Amino acid sequence: MITTLAFDADDTLWHNERFYRLTEESFTAMLADYADPDHLSERLLEAERRNLKRYGYGIKGFVLSMIETAVEVTENRVPAATIRQILDAGHDMLDHPVELLPHVRDTVEALTPHYRTIIVTKGDLMDQERKIAASGLADLFDGIEIVSEKTPDIYRSIFDRHGDGAERAMMIGNSMRSDVVPAIEAGSWGVHVPHGLTWALEHAEAPAEHPRFREIGDLAGLPGLLDTLR
């Protein structure tokens with residue numbers, strides 16, 4: 001039945017969200033004189049939500065949202081030195097080495113002889129290209145798609161180009177909102193691989209009763225799951 005496997009990248013193939021969390025902790029420390037950490041985090045999340053249509057997903061939009069939040073909470077009095085600290089924190093994120101999650105390479109190598117494998121990730125084009133190259137995984141995949149948003153129509157188009165249509169494809173990822181729900185709505189299988197840290201804007205209700213929904217603890221469980229679906 002299944003001929004194409006699509007993998008999300010951030011927090012499915014490699015660590016990502018934890019670097020955002022660490023940077024956010026630094027950000028709240030920078031502005032501790034102006035707002036308590038919980039309130040500042042709420043304001044930052046509001047800014048990120050507002051700015052998705054302007055900047056899209058990724059580190060650059062996150063940095064701009066931090067600067068916007070800093071300007072707002074300080075009532076336009078944020079020191080230039082703090083803006084420099086925020087920019088430096090963003091540069092550190094962009095320069096950070098890629099760290100694969102457990103079982104990723106072994107699992108992908110085991111499955112590539114039997115399925116078409118592709119990466120479907122969203123976010124800033126340059127940063128996603130950087131991480132894919134640095135991961136050392138690119139040569140294992142038959143295709144790579146970097147999109148601005150993940151919707152049912154996007155998934156149908158990708159699975160038509162890279163496989164035999166959505167009905168014979170499976171999307172694997174940590175985000176219920178972006179990886180699982182829209183892929184199932186497109187007609188494919190959706191496999192949730194929970195990650196300990198998931199951005200608040202990626203949460204969604206699990207389609208637990210849907211016959212094409214599955215959940216595994218980590219990628220090591222994927223080959224066994226596929227065996228049960230043959």
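1. Cavity lining. The largest cavity has 13 lining residues, and those nearest its centre are Asn16, Phe19, Met93, Arg130 and Lys131. A cavity here is a set of points, on a 1 Å grid over the protein atoms alone, where a 1.4 Å probe fits but cannot get out; lining residues have an atom within 4 Å of a point. Helix H1 (17-30) and helix H6 (125-135) each supply at least two residues of this lining. Helices are DSSP runs of H or I with at least four residues, strands are runs of E with at least two, and both are numbered from the N terminus.

2. Basis. The model is predicted: local features need pLDDT of at least 70, side-chain atom pairs count only at pLDDT 80 or more, and totals for chains, interfaces and linings use all residues. Residues are numbered from 1 along each chain as its sequence is written, and side-chain values use heavy atoms, with hydrogens and water left out.

3. Cavity volume. The largest cavity has a volume of about 100 Å³. One cavity of 30 Å³ or more is found in a search of the whole structure. Volume means the space filled by probe spheres set on the grid points, which are joined across faces, edges and corners.

4. Pocket. The largest pocket (an open set with protein on both sides within 12 Å along at least five of seven lines) holds about 610 Å³ of space. It is lined by 35 residues, with Asn16, Glu17, Tyr20, Trp199 and Glu202 closest to its centre. Elements giving two or more residues to the lining include helix H3 (59-73), strand E2 (116-122) and helix H8 (176-186). H2 gives the most, with six residues.

5. Salt bridges. There are 21 salt bridges in the structure, each a side-chain nitrogen of Lys or Arg within 4 Å of a carboxyl oxygen of Asp or Glu. In one of them, the side chains of Arg50 and Glu68 meet at 2.5 Å, N to O. Arg50 lies in helix H2 and Glu68 in helix H3, so this pair ties together parts 18 residues apart in sequence.
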